[in-house]
Amino acid sequence: MKNLNEPDQPVALTPVLTVPGSAAAAVAAEAPAEPQPEALPLDAVPSRFCCFVTGTDTEIGKTLVSAAILHKLASSGRRACGMKPVAAGAEMRDGELHNEDADMLRAAGNVHLPSSITTPFMLKEPAAPHIAAALEGVTIEPVPILAAYTEIHAASDAVVVEGVGGFRVPFNDDFDSADLATQLNLPVILVVGMRLGCISHALLTVEAIVSRGLVLAGWVANTVDPDMRFERQNIDALEQRIPAPLLGHVPRLQDPTAQAAAEYIDLAGLPGWHSPRVQT
């Protein structure tokens, strides 16, 4: 099987910060369309550990896995910060909006920046981001997110960016979460929610990631349905078909904390990890 992470041509590694309406954007719009590059090989990724965590759907464990990665980073002595660029479903506490996912990432890391930076778009309604934003008269745009990421990157040794829902969630009429992942241009870790139908969802998401020229760094199986039949066989089928390593299988945890989930994830082989095995 062809390894989809082997490129024909090299791709730039730095985040793409093209601002809509700028001269650079105009030039890009006029340029002739070219075939989509294939994803970068892992040995082409910079040594500093940064990643974008996406999933096969919503409520499949992206936040738990992202927090587990941050826990491992912080436990190894690195300055680690989580970012949830868009969070829908927030409530006011102590005069400040809080989102459960964003709070979990903050607790797992050890670099604590204002929530206006780690979550530039904090929306009250627990709905699809473009709907929640419209209810508040907000337009979710890339520039504030990319600017916030730059600040986080400057203040940290490692950054874990968690996406929203699945890989292609609308933010506005012409900008979605896949576009954000492409502009950030970070290695992607895919969380596969283990339940009936997960194989097709996972493979379609892999195709979408790789078609954008992104590095698929690895994937994590997370048990969503504890009564799923033939779970091990499903994982085996995905291992045969996903052109990236399985980084771990998180079972259904009685106490789903970052520390507990970290026990089931091994990132030692990924570029930028700098440790044969980080202790949790």
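This is a predicted model: local features need pLDDT of at least 70, side-chain atom pairs count only at pLDDT 80 or more; totals for chains, interfaces and linings use all residues.
## Terms and model

Residues are numbered from 1 along each chain as its sequence is written, and side-chain values use heavy atoms, with hydrogens and water left out.

## Overall picture

The protein's secondary structure comes to 10 helices and 12 strands; helices (H or I, at least four residues) and strands (E, at least two) are DSSP runs, numbered from the N terminus. Of its 280 residues, 48% count as buried, where buried means under 20% relative accessible area, exposed over 50% and partly exposed in between (1.4 Å probe, protein chains only). Contacts (heavy atoms within 4.5 Å) tell you about the fold too: among those between residues at least 6 apart in sequence, 78% join residues at least 24 apart.

## The sheet

An open sheet is formed by 6 strands in the order S2-S7-S1-S10-S11-S12, with parallel pairing. Its edge strands are S2 and S12 (246-250), each pairing on one side only, and the twist averages 20° from one strand to the next. Two strands pair if DSSP finds at least two bridges between them.

Helix H8 (residues 198-211) lies across S1 (50-55), S10 (188-194) and S11 (216-223), running at about 165° to S10. For that angle, axes are lines fitted to C-alpha atoms, for helices over the stretch in contact, and angles run from 0 to 180 degrees between N-to-C directions.

## Strand S7

How many residues of S7 are buried? The count is 5 of the 5, so S7 is largely enclosed by the rest of the structure. Ala158, Val160 and Glu162 point one way from the strand, and Val159 and Val161 point the other way. In a regular strand the side chains alternate between the two faces of the sheet.

S7 runs parallel to S2, with 4 bridges joining them, and 4 bridges also join S7 to S1, again in parallel. On the S7 side, Val160 is the bridge partner of Gly82, Val161 stands opposite Met83, and Glu162 is the bridge partner of Val53.

## Helix H3

H3 spans residues 100-108, and Ala102, Leu105 and Ala108 are buried in it. Down the axis of H3, these buried residues fall within an arc of 130°, so they line one face of the helix; the arc is that of the directions from the helix axis to the C-beta atoms.
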